[in-house]
Structure formats: C-alpha cells, structure tokens
Amino acid sequence: MATEAGVQPAPVATGARRRRNSTASAIGYVFVSLYALLALAFGVLPALYAVILAFTTGDGAFAGFDNFGKVIADFRFGPAVVHVALYLLVWLIALTVFVVVLSLVVHAIRVRWLSTAFRFVFYLPGALAGASSVLLWLFVLDPTASPVSGILHALGFSSFVQVISPANLPVIFAIIAFWTGAGGWIVIMYGALNNISNDVMEAARIDGANALQIALRIQLPMLRKWISYMAVMSLAAGTQLFVEPQLLSQASNAVVPNSYSLNQLAYQYAFQQNDFNGAAAISILLLVVALALSAVFVTRGGLFEKD
Amino acid sequence: MTTTAPPRAVRTAGLAGWSGRTIAGVVLLLFTLFFLIPILWLLLAAGKSARALLVQNPFSPGTWQDLAANWNQLFGFQGGAVGGWVGNSALYALGALVITLIAGIPAGYALALTEFRLRRPLLILTLVVMLIPNTALVLPIFLELNTVGLIGSPLSVILPMSFFPFGVYLAYIYFSTSIPRDLLAAARIDGCSEIQVFARIALPLAAPVVALVAFFSFVQNWNNFFLPFVMLPSSDGYPIQVGLTTLLSSTPAFNPSSAGSDSVQLPTLALATIVSVLPVLLVFLFSQRFLVSGLTAGGTKE
C-alpha cells in the first residue's frame with residue numbers, strides 16, 4: 001500500500017485528490033464486485049455451511065463434536081487415512097527427487113531445442129488429467145493389453161487383478177499422479193533455475209566450484225523455496241485423492257473398496273447414507289488440513305506478498 | 001546415488017567426461033519413454049480391433065477401417081450419448097471460462113491498481129483459496145447448492161468453476177508489475193474515466209495474461225471430474241470426463257458383468273480416452289512455446 005501512495009500524481013488540490021480517491025475506491029468495488037460475489041458464494045459460504053452441518057445433527061440441533069467422533073470411529077476411516085498417507089509418502093518422495101534431478105539435468109542441456117523438447121515431453125501428459133489419465137493407466141496396467149506387458153510379466157503379474165492388489169495401490173496412484181503432474185513442476189523448477197543470475201554461477205565457477213558443488217551449494221538452495229512450495233501443494237492436493245481409486249474400484253469389481261480414500265468416504269456418507277452431517281465433518285477435516293498448509297505459505301512464504 | 005551426478009556431468013562436459021553424461025542420458029531416455037509410451041500406445045490402440053489389440057505388437061499401427069469402426073461404436077453408444085457429453089464439456093468449460101474472465105480480469109486490475117477498504121481481505125481470501133486444492137470445497141458447495149435446489153443444473157458446475165482465484169492472482173500480479181502507473185495517470189489527466197482507463201489502456205496491454213488465465217481456466221474446467229461427478233446425477237448432463245466412467249463400466253474387460261448389447265470394446269475405450277482429452281491436447285500443442293518457457297514460473301514468482 002505504501003507503494004501506491006508514493007505513486008499518487010504530484011500535488012493536486014486536496015479537494016480534487018479526495019474526489020479522485022473516492023472515485024477510485026468506488027470503481028475498485030465495481031471492478032471486483034462479480035468476483036467478490038463468486039468468492040462469497042463458492043468460497044466462503046460453502047465452507048461456513050459445511051462447518052454448521054458438521055456441528056449439527058440431521059434435525060439441525062447442535063451436536064458438538066459428535067459427527068467428527070462418528071466418522072473417525074467409522075471402521076473405514078482408519079484404513080482410508082493409512083491409504084492416503086502411504087500414497088502421499090511414496091508420491092512426495094518420488095516427486096521431489098525426480099523433479100529436482102530432471103530439472104537440473106534438463107537445465108544443464110546446452111542445446112536449446114533439445115532442452116525445450118524434453119520439457120514439452122515431460123509436460124505433455126498434463127493434458128491427460130483426471131479420469132482420462134486413470135483410464136489410460138488402466139490399460140497400461142492390464143497385462144493382456146499393456147504396451148509394457150513384458151515388464152509386468154517380468155514383475156510376476158499375469159492378470160489385472162494381481163497388478164491392482166492392495167499392496168500395490170499407493171505406488172500405482174503415485175505413478176499416475178507423477179506421470180500427469182511432474183512435468184508442470186519440472187517446467188516451474190526450470191524457470192526458477194533460469195532466474196539464478198549468471199554472475200553468481202560464473203563467480204562460483206571462477207572460485208573453483210565444480211558442477212556438483214554448484215548444484216548442491218547454489219542451485220538447490222535457490223530452489224528450496226520452490227521445492228517446499230511443490231511439496232506443500234502436492235501434500236494438500238494428495239489428501240484429496242478421489243478419481244483414481246474411484247475408477248479403479250469400478251474397474252476392479254470393487255476389489256479396490258469404494259471407500260479407499262477419505263474423499264470417497266465423504267462421498268459415501270453424502271450419497272449412500274444420506275448423512276450430510278457426516279460428509280461435512282470429513283470435508284471439514286480435509287479442509288482444515290488444506291487451509292493449514294496454505295496458511296503456512298500465505299503468512300510465512302513471502303512468496304506471494306506484493307505489499 | 002545418481003541424483004546429483006548428471007548435472008555435474010553435463011555442466012562440465014570436459015571435466016566429468018563421458019560417464020557422467022551417459023548417466024544423464026540414460027536418465028533422460030528412461031523418463032522420456034515413461035512419459036511418452038502410454039500416449040503413443042493410446043494413439044495406436046484406437047485404430048485397432050479388439051482382437052488386434054490383444055494379439056498384435058503393442059506398437060504396430062492400426063488400420064483406418066478399425067478406427068472408423070471404433071469411432072462408430074463410440075458415438076453410437078447409448079444412442080449418441082458420447083457426442084452429448086463432449087457438448088456438455090464444451091458448454092461447461094467455455095461458459096465458466098467466459099465468466100472467469102469477465103469477473104477475474106477486472107478484479108485483478110482493481111486489486112493491483114486501485115485502493116478500497118476490502119482490498120486486502122479479498123486478496124488474502126484469493127491467496128488462501130488458490131492454495132487449497134479445488135476438490136476441497138466440492139462437497140461443501142454441493143451441500144450449499146442442494147439447499148437452493150440447483151443440483152443437476154448446468155449452473156451447478158459452471159458457477160463454481162467460474163470462481164477461479166488463481167486467474168485473479170495471475171491478473172493481479174501482471175497488473176501490479178507490468179503496467180506503468182504513470183501511463184494510467186496520464187490517461188486520467190487526458191480525461192479518461194476509470195472505466196476507460198481500464199478498457200482502453202490496461203486491458204489491451206494485458207492480452208498475454210488474459211490468454212494465460214483463459215488457458216489455465218479451460219484446461220482445469222475441461223479436466224474437472226469431482227465437481228460434475230457430484231453435482232450432476234443424470235447421465236444426460238455429464239461432461240465427457242464423467243461419461244468415461246459410464247463407458248468404463250460398460251467395458252467387459254474391466255467389468256465382466258457388463259457383457260451385453262451396448263458393451264464397449266477396449267479399443268473403443270482407448271478412442272474415448274483420446275476424444276476426452278483432444279481439446280486440451282490441441283490447446284497444449286498450440287501453446288507449447290509459452291508452456292515450456294518457464295513463463296508460468298515467473299508468473300507465480302513475482
């Protein structure tokens with residue numbers, strides 16, 4: 001805000017300035033009105049309404065934490081938490097390690113078109129998000145039709161049901177998520193690497209640092225902000241796991257349960273049991289996790305503040 | 001282990017020699033195969049017969065006849081349901097895109113270049129919602145819209161998708177960093193009203209960010225699964241992403257109980273997958289230059 005005050009056009013008569021300010025203020029409201037309305041209707045109100053539902057009974061009476069107690073005690077809740085946690089563990093490790101390695105390698109390529117081509121190839125699967133990418137991976141994981149059936153057979157899988165046995169699922173979901181999402185992060189890391197000034201790199205080189213030292217001492221610390229951003233965003237998104245187990249449950253005749261993840265469980269509460277209060281309770285639990293993670297970034301990141 | 005070796009090798013080609021570069025090359029090759037093989041296979045599979053898909057080499061090309069047969073089966077499914085789903089997707093994605101731009105670009109401008117009391121709260125709300133996954137609010141929005149009886153209407157999908165804080169954030173960053181305030185001040189001195197300053201001066205300069213917001217909004221809306229899955233109970237209203245689940249459950253290979261008159265063969269399902277992503281794929285191909293340049297990183301950084 002200080003910056004804006006500084007840019008006010010040179011001394012004008014106070015009366016004129018006040019009028020200018022109030023017009024600017026009014027016009028500000030006009031410009032944001034539609035967006036503010038949408039934000040209220042689809043950001044603030046649903047969250048508040050879900051809070052109300054989560055703390056009331058079906059009749060609207062205050063329920064305290066009963067709904068939360070109920071869903072947490074649900075026999076499907078614990079397994080769902082474990083499923084999501086395992087998936088997050090595998091995915092976040094793979095994402096962090098491979099994205100950092102690949103972006104450093106791609107950034108080191110000096111042939112420009114080649115580096116561009118690699119980034120595009122990595123990014124392309126991002127076009128197949130959601131149900132489409134899951135469907136594609138159903139094919140890839142089905143040994144009868146798979147393009148990599150040789151690999152699947154070598155790993156000892158001869159049928160689709162064997163591939164999607166419960167122990168494999170966190171890895172499978174991690175692979176799908178990595179396949180669609182990693183490219184975007186590689187591009188972002190690449191952009192961040194480009195932003196490291198050449199002078200710094202040059203100075204390090206003149207001081208005798210080899211490329212490994214440059215990567216460890218200069219590039220990685222410069223990327224740290226972005227790596228933690230990626231980890232936090234991915235963590236928040238990962239807790240929402242839904243479409244992958246949902247489709248797999250459908251494609252496996254419920255070998256994968258339809259309450260595999262927390263979001264699916266919330267969905268079951270809302271649509272199978274008609275228990276909106278229970279569904280709201282799970283949604284609030286997930287929302288709190290997401291809000292907490294994003295709050296860390298808004299308040300402490302410094303990444304997004306302009307003022 | 002190998003995690004830091006490749007950059008060393010490639011960076012200082014003369015020093016680390018060919019062994020490091022070989023490792024980097026192998027890593028790149030493996031990941032290129034990992035990212036590309038499924039897509040290549042998918043494109044080929046759509047042109048095969050169900051039998052050819054199982055017995056032929058996975059990377060042998062299909063035939064136009066089989067592609068046509070699969071196409072006919074796909075678009076004949078349930079009396080042409082697939083065409084309707086693609087139409088729905090277009091309606092939802094484009095409808096939300098238009099509202100997103102009308103609401104979001106002026107909002108980003110106002111947040112960046114005007115002063116008003118609720119500016120800061122709105123900015124913080126935008127950042128917070130932008131950073132939470134967009135699925136987190138789906139069930140709460142369902143519960144809300146359920147009380148006002150909007151469930152099943154196209155608006156139950158279009159309106160929530162139109163609230164796109166990331167787009168507002170991109171516009172806000174752009175307007176606050178790339179538009180010289182002196183220029184706007186000069187326009188005001190020349191007698192432009194506030195609306196004219198925005199429409200004649202700021203908006204034309206913001207064409208790149210409008211395109212960027214449109215791109216992200218369209219891709220996200222088209223690929224959105226959870227929101228329409230929850231909001232639209234009737235198959236007539238499905239977008240193609242949700243329609244895929246219907247096709248999947250009619251595929252005997254994945255759902256043996258579905259072997260019936262209207263069943264879907266694997267190559268047809270593969271073709272459906274291609275159809276479901278084709279618009280986004282085309283948008284990606286046309287915007288590849290800016291996608292891989294790292295501009296998006298700059299967009300979220302400053």
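How many residues of chain B are in contact with chain A? In this predicted model, 90 residues of chain B are in contact with 95 residues of chain A, where contact means that the C-beta atoms of two residues, placed from the backbone, lie within 7 Å. Helix 2 of chain B gives the most to the side that touches chain A, with 13 residues; helices here are DSSP runs of H or I, at least four residues, and strands are runs of E, at least two, numbered from the N terminus.

A quick word on conventions. Residues are numbered from 1 along each chain as its sequence is written, while chains are lettered from A and ligands numbered from 1 in the order in which they are written. Because the model is predicted, local features need pLDDT of at least 70 and side-chain atom pairs count only at pLDDT 80 or more, whereas totals for chains, interfaces and linings use all residues.

Chain B itself splits into domain 1 (5-67) and domain 2 (76-301), with bounds that come from an automatic or database domain assignment. Their C-alpha centres lie 31 Å apart. Between them, 9 residues of domain 1 of chain B are in contact with 7 residues of domain 2 of chain B. On the domain 1 side, helix 2 (13-45) and helix 3 (50-55) of chain B each give two or more residues, and helix 2 gives the most, with 3 residues.

Here are the two sides by residue class:

Now for the core. Of the 191 residues in the largest nonpolar core, A:Ile186, A:Met189, B:Tyr109 and B:Ala171 touch the most other members. Helix 9 (residues 169-194) of chain A gives this core its largest share, 17 residues. Such a core is a set of buried Ala, Val, Leu, Ile, Met, Phe, Trp, Tyr and Cys residues joined through C-beta atoms within 7 Å, and buried means 20 or more other C-beta atoms within 10 Å of a residue's own.

As for confidence, the predictor gives the complex an ipTM of 0.85 and a pTM of 0.85. The mean pLDDT (confidence in each residue, from 0 to 100) of chain B is 86, and 89% of its residues reach 70 or more.

Methods
pLDDT = per-residue confidence, 0-100. Buried ≥ 20, exposed ≤ 12 C-beta atoms within 10 Å, placed from the backbone.
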